[in-house]
Amino acid sequence: MDTNWILSHQENRVLTLTLNRPEIRNALSTDFLELLAEHLEQADNATDIGVIVITGNSRFFAAGADLKELQKQTVASATTDRRPQIWRRISLISKPIITAVNGYALGAGFELLLASDIIVAGESARFGLPEITLGLMPGAGGTQRLIRSVGKSLAMQMVLTGEAITAKKAQQVGLISEIYVDDLVLESAQKLALRIANHAPLAVRSAKAALNNAQETHLSVGLQLERQYFVTLAGTEDRLEGINAFFEKRDPQFTGQ
Amino acid sequence: MPNNPMILTKIEQGVLTITLNRPDRLNSFNDEMHRQLSDAIKIAERDDTVRCLVITGAGKGFCAGQDLNDRNVSVGEKAPDLGFSVETFYNPLIRRLTHLPKPIICAVNGVAAGAGAAIALAGDIVIAAKSASFIQSFCRLGLVPDSGGSWFLPQLAGHARAMGMALLGDKISAEQALQWGMIWQVTENEDLVETVDSLAKHLATQPTYGLGLIKKAIYSAATNTLDEQLDLERDLQRLGGRSQDYREGVDAFLNKRTPQFKGK
């Protein structure tokens, strides 16, 4: 494993992770994915980081998994594959993850976006799940998270044809939240990240968890959980600081307590 | 390149000139010519020293669109899929020209018909010789203006004139096209080459990166709302303000000297 595979850069409370294996179009091999999970877990534990931004390069966010690995796979090795565990670790990150996409996000690369919290993209971005063209199917949330995000017809079309959609289309269907000109995607994502990172850490964490619960539970249970998170925040110092700062017309100074 | 290239290219002082070169067929397209043109445009896309693109035609015509001899359709045969050629050749061509972040001059030396008219109008600055003409010939064959023709016409000439041109297929003279605001300039026939040449050389010394941003802004305006366009202008200005040429331009202005733009 090469430590240069992921470039890490922190500014204020925003950590930017850049997928940096252009020679293989940032294909997410198991080792690469593992390294990413480690970076994310470290960031999740670091008190001076509020939000994580993941990006690729101008032509590729990440173009799928490592086909050579898949080529060697047998039923036995697929059954004991450690990838599902790594994906699970990524889904357990409690801090917001923003993905900033230029160029292609395909297969596992696209599934990484779906596992993130906010996707912003450049006009050049293309999103697709081409697994079907290889006699495979998405195996890391592609069939589940996509349909919840864009609805049945388009999700079926994308999974069954394997054809990619444009950034514009992705925004129309609510898959991504913003489109920027390519050259401004990363810094726009970082600005967005900074706005979030400046909010009270516990509130951000609880809000993310509450939103994610919407995918996991019925409405009535989700509403109950939301209320619990809400009540818990009532006991935090930051809540008092946030409201006081609002009345006193000043910027709040959050401590994460 | 084959011995008898259908596309000629020449780079001089930052200007890439692409000449459509099937003069005996009024420079109409067949598939091979499309492939050669695609290679030529690749030069404009990849070579940083190219800072202006000129497209013109060899001989009497600019471009007569699709070469119908290449089509071989006769009554009773299975219908061809014209959408395939549009999707494979014409649409990518127009997309690449309109997305090219460098100025394009179309020097319309003669008749521009069908897709040829659309290609001529896809230039950022269109200069026509007095004898040139524009013909939306599709309606005479039961077809639709393609290669962006049905988009450029109402954009450039307005709804009423677009309809007239597209439904009647009449020949529009260079003078008429100028009056209708479809093109930038008309020259005497013998002056076309020189006019285009000096304008192209001027553009090739200008802040190319900024010109590319302008192209993007103008093309986006056709589909954006004012609100969206204001946001886009903000973003493009942000990028323009970071260019070397912007600093050079401001510095030259303040020091009352001629700016030396690098295009970056």
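**Close-up views of a predicted two-chain model**

**View 1. L93(B) lies within helix α2 (residues 82-99) of chain B.** Helices here are DSSP runs of H or I with at least four residues, numbered from the N terminus. L93(B) counts as buried because its relative accessibility is 7% (buried, under 20% relative accessible area; exposed, over 50%; 1.4 Å probe, protein chains only). Its C-alpha atom is separated by 25 Å from that of R161(B), 68 residues apart along the chain. The model is predicted: local features need pLDDT of at least 70, side-chain atom pairs count only at pLDDT 80 or more, and totals for chains, interfaces and linings use all residues. Residues are numbered from 1 along each chain as its sequence is written, chains are lettered from A in the order in which they are written, and side-chain values use heavy atoms, without hydrogens and water.

**View 2. Helices α1 (residues 30-45) and α4 (residues 83-91) of chain A pack with their axes 9 Å apart.** The angle is about 25 degrees, and α1(A) and α4(A) are therefore roughly parallel (angles under 35 degrees). Axes are lines fitted to C-alpha atoms over the stretch in contact, with angles from 0 to 180 degrees between N-to-C directions.

**View 3. Helix α5 (residues 108-115) of chain A is largely enclosed by the rest of the structure, because eight of its eight residues are buried.** Among them are F110(A), E111(A) and L112(A).

**View 4. F253(B) is found in helix α10 (residues 244-254) of chain B.** With 67% relative accessibility, F253(B) counts as exposed.

Terms used. Helix = DSSP H or I, 4+ residues; strand = E, 2+ residues; numbered from the N terminus. Parallel < 35°, antiparallel > 145°, perpendicular 65-115°, else oblique.
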